[in-house]
Amino acid sequence: MKSKNVFKRSAISCVVMASLSGPVLSQDVVYPDPYWVSDTPESHGFDSAALENLKTYAQSINSDSLLIIKDGYIILEEYWDGGNQNTQRQAWSVTKSFTGLISGIAADQGLIATTDRASDAVTEWQGTDSEPVVVDQLLRNTSGRYADCNTDTFPFSYLETGGQYPSRPDLTQYAIDQPKVRWGKKKQQHEPGTVWGYNNMAIQTLDRVISIAAGMTTKSFAEQSLLAPLEMNATTIGTDREGHMVMAAGITSSARDLARIGYLTLNNGQWKDQQVVSEAYISNMLSPGVNPLNNAYGYLWWLNTEEGEEWNNPAVESDVKCVSGQPQFTQRYPDAPLDLYLAAGNKGQYIIVSPSENLVIVRQGNTASEEVWVNNLYKETAAAMLP
């Protein structure tokens with residue numbers, strides 16, 4: 001197998017990674033128009049016979065779909081469990097990466113800035129220890145906002161059992177109000193910008209920030225500014241009962257539509273003749289930032305790292321442990337290029353992007369994420385590449 005570690009990632013170099021690695025000129029890029037076009041694997045450097053091993057692996061980990069986009073063409077597409085190219089499945093935390101893009105579009109339009117205090121919109125935080133939290137920290141999971149297993153995951157329990165809505169009718173207000181005063185806990189577990197910690201409810205508060213700035217629901221803003229330009233007709237944005245977008249886990253989508261999101265980022269935010277998200281924002285989104293607390297996280301997207309730079313470090317918290325003894329995450333992807341990044345969700349929902357190879361991998365399924373190692377999925381894909 002060819003060596004894939006073609007980029008050296010660091011806190012500084014990865015700021016410009018996206019613009020260095022992706023296609024530059026729109027006329028050189030093949031976009032679905034309006035549908036993805038299939039081509040032979042051999043035309044794009046893959047061995048058809050070897051791809052059969054990848055399909056076998058994907059089936060063995062209880063995948064519902066596997067889609068490989070190379071150079072803008074479908075070279076592999078498989079569905080199991082009765083699905084097809086129009087089947088929408090719960091994307092879980094892949095939704096967070098949508099939220100990262102939506103926030104970028106709002107920033108590009110001058111509606112928000114990543115340096116804005118969220119409390120400008122979330123007035124309930126004014127005069128509290130959450131007042132200094134800025135949008136950048138909500139996007140990077142460094143807000144320091146309070147979280148525990150119950151408050152951060154229980155609202156999604158109804159979705160887990162097939163329900164349409166979260167268990168809290170107004171999820172945004174619930175997130176803003178955490179924790180309740182009667183619990184005797186501060187809204188902040190940590191000073192903003194000092195600790196990295198996965199925090200669903202902190203991310204949910206971006207719904208208030210974006211909807212007030214845009215003058216419409218976040219769902220409507222996302223549909224108009226992201227789904228419509230990409231012609232994502234097999235994607236539904238989930239809401240709570242009050243109509244607020246579920247920012248951390250609410251999207252259902254087809255494999256082909258998820259691939260559009262990956263291909264948008266691969267092409268630095270450009271879709272056909274439209275710059276949907278600015279190249280500058282995409283570059284920042286796919287960077288851990290300056291003096292990062294977590295080298296493997298950008299704006300709600302996961303990043304690959306070099307050995308010794310794995311993302312659990314003294315500044316990474318594991319306050320929210322829903323399983324006794326659950327370890328901190330330590331994954332990296334040693335067999336993948338260092339410029340690889342991904343959107344990841346519960347039960348192994350993935351949009352994996354390798355810019356240096358002009359490659360997008362989408363996997364949907366029902367195996368817990370910790371059992372579906374991204375590295376193995378990529379490794380099986382790379383094994384089918386022709387020398």
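Helix axes are lines fitted to C-alpha atoms over the stretch in contact, and the angles between them run from 0 to 180 degrees between N-to-C directions; helices (H or I, at least four residues) and strands (E, at least two) are DSSP runs, numbered from the N terminus. The structure is a predicted model, in which local features need pLDDT of at least 70 and side-chain atom pairs count only at pLDDT 80 or more, whereas totals for chains, interfaces and linings use all residues. Residues are numbered from 1 along each chain as its sequence is written, and side-chain values use heavy atoms, with hydrogens and water left out.

Helix 2 (residues 48–60) packs with helix 13 (residues 374–382) at an angle of about 160°, the axes lying 8 Å apart. That angle makes helix 2 roughly antiparallel to helix 13, given that angles under 35 degrees count as roughly parallel, over 145 as roughly antiparallel, 65 to 115 as roughly perpendicular and the rest as oblique. Contact (heavy atoms within 4.5 Å) is made by Asn53, Leu54 and Tyr57 of helix 2 and by Asn376, Leu377, Glu380 and Thr381 of helix 13. By class, these residues divide into three nonpolar, three polar and one charged, where Ala, Val, Leu, Ile, Met, Phe, Trp, Tyr, Cys and Pro count as nonpolar, Asp, Glu, Lys and Arg as charged, and the others, Gly among them, as polar.

For helix 3 (residues 94–108) and helix 11 (residues 255–266), the packing angle is about 45° and the axes are 12 Å apart, which makes helix 3 oblique to helix 11. On the helix 3 side, Val94, Phe98 and Leu101 meet Leu258, Ile261, Leu264 and Thr265 of helix 11, and this contact comprises six nonpolar, one polar and no charged residues.

Helix 3 also contributes, as does strand 10 (341–345), at least two residues to the lining of the largest cavity. The residues lining this cavity are Ser93, Lys96, Ser97, Tyr198, Tyr297, Leu300, Trp302, Ala343 and Ala344, of which six are nonpolar, two polar and one charged.

Among the backbone features, a cis peptide bond with omega of about 0° joins aspartate 33 and proline 34, and proline 34 is placed in the loop between helix 1 (17–21) and strand 1 (37–38). Another cis peptide bond, with omega of about -10°, joins glutamine 178 to proline 179, the latter proline lying in the loop between helix 7 (171–177) and helix 8 (200–204).

Terms used
On a 1 Å grid over the protein atoms alone, a cavity is a set of points where a 1.4 Å probe fits but cannot get out, and a pocket is an open set with protein on both sides within 12 Å along at least five of seven lines; lining residues have an atom within 4 Å of a point.
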